[in-house]
Amino acid sequence: MDGIRKRRLTIAAICIGIVAAAWWAFAVTYTRTATIAITATYPTDEADDPDADIPAYRGVGLDLSGYDPLPQVSDRLAEQRGGSAADYSDTVSITPIDDGTAHLAVTAKAGDDSEAVELANQAAAIVVDLFNSVPTGSADVVFRADVAEPAR
């Protein structure tokens with residue numbers, strides 16, 4: 001009887017180990033973030049002179065709290081990578097960074113580290129393209145987005 005009991009316990013332990021390993025393989029997600037900086041350029045009267053200095057400041061006074069390009073970013077990711085926009089709206093987030101400057105954090109989640117890096121960087125490039133394709137500000141100030149720190 002003891003031999004059967006040991007065998008059953010061994011089989012149960014192996015099954016628990018297999019289930020735990022499978023859960024770990026599917027439950028682990030990697031998160032990576034790319035940072036976008038918004039700069040404000042204030043053209044001067046000397047702007048026609050190519051040698052004139054044009055000061056650039058980090059998004060002074062720009063409120064990004066209502067800026068939500070996620071639907072457009074998800075659509076473009078679906079076009080570029082395949083799948084549906086809903087697939088990407090669940091795995092990508094775009095949020096303002098509350099540090100007194102105009103920065104956006106583009107965060108991607110994926111089951112593989114390199115895929116999370118690639119997705120975050122690709123989404124950040126789309127955000128930059130979308131932001132820069134729309135006129136922002138007035139004639140006195142021009143805002144421009146650039147990837148300040150790619151996901152690694």
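**Entry 1: R76 and its partner**

I began at R76, which counts as partly exposed at 26% relative accessibility. I kept in mind that this is a predicted model. I then looked for the partner of R76 and found a salt bridge with D129, where the closest N and O atoms are 2.5 Å apart. D129 lies in helix α4 and R76 in helix α2, so the pair ties together parts that are 53 residues apart in sequence. I checked D129 as well: its relative accessible area is 41%, which makes D129 partly exposed.

**Entry 2: the other salt bridges**

How many salt bridges does the count come to? I noted three.

Another of them joins the side chains of R81 and E118, at 3.2 Å from N to O. This pair also links distant parts of the chain: R81 sits in helix α2, E118 in helix α4, and 37 residues separate them. R81 has 27% relative accessibility and counts as partly exposed. E118 has 48%. I had to look up the limit here: exposed means over 50%. E118 therefore counts as partly exposed.

I went on to R32 and D113, whose side chains meet in a salt bridge of 2.7 Å, N to O. R32 is in strand β1 and D113 in helix α4, 81 residues apart. R32 is partly exposed at 26% relative accessibility. D113 is partly exposed too, with a relative accessible area of 30%.

**Entry 3: helix α4**

Helix α4 kept turning up, and I turned to its length. Its 21 residues, at 1.5 Å a residue, should span 30 Å. I found the end C-alpha atoms 30 Å apart, which agrees.

Which residues of α4 are buried? I listed A116, V117, L119, A120, Q122, A123, A124, I126, V127, V128, L130 and F131.

**Entry 4: Q122**

Q122 is on the buried list, and I gave it a closer look. It lies in α4, which runs over residues 113-133. I left aside its neighbours within four places in sequence and found Q122 in contact with L77, Q80 and R81. With R81 there is a polar contact between the side chains, at 2.8 Å.

**Entry 5: S133**

I also looked up S133 in helix α4. Its side chain reaches the backbone oxygen of L130 at 2.9 Å. I then took the distance from S133 to A145, C-alpha to C-alpha: 10.0 Å in space, for 12 residues in sequence.

**Entry 6: the nonpolar core**

I moved to the largest nonpolar core, which has 30 residues. Which of them touch the most other members? They are I36, I38, V73, L77, V92 and V106. The elements giving two or more residues to this core are β1, α2, β3, β4, α4 and β5. The largest share comes from α4, with 10 residues.

Not counting residues up to four places away in sequence, V92 touches L70, L77, V106, T107, A108, L119 and A123. Two of these names, L119 and A123, were already on my list of buried residues in α4.

Is β4 largely enclosed or open? Eight of its nine residues are buried, so the rest of the structure largely encloses this strand.

I looked at the pairing next. β1 and β4 pair in the antiparallel sense, over eight bridges. T31 stands opposite K109 in β4. β3 and β4 also run antiparallel, joined by seven bridges. There I found T95 opposite A105 in β4.

Last, I checked the hairpin of β3 and β4. Three residues lie between the strands, and G100 takes a positive phi near 85°.

Conventions
Residues are numbered from 1 along each chain as its sequence is written. This is a predicted model: local features need pLDDT of at least 70, side-chain atom pairs count only at pLDDT 80 or more; totals for chains, interfaces and linings use all residues. Side-chain values use heavy atoms; hydrogens and water are left out. Helices (H or I, at least four residues) and strands (E, at least two) are DSSP runs, numbered from the N terminus. A polar contact is a pair of N or O atoms within 3.5 Å; within protein, one must be able to donate a hydrogen and the other to accept it, and residues adjacent in sequence count only if both atoms are side-chain atoms. Contact means heavy atoms within 4.5 Å. The expected span of a helix is 1.5 Å times one less than its number of residues. Buried means under 20% relative accessible area, exposed over 50%, partly exposed in between (1.4 Å probe, protein chains only). A nonpolar core is a set of buried Ala, Val, Leu, Ile, Met, Phe, Trp, Tyr and Cys residues joined through side-chain atoms within 4.5 Å. Two strands pair if DSSP finds at least two bridges between them. A salt bridge is a side-chain nitrogen of Lys or Arg within 4 Å of a carboxyl oxygen of Asp or Glu.
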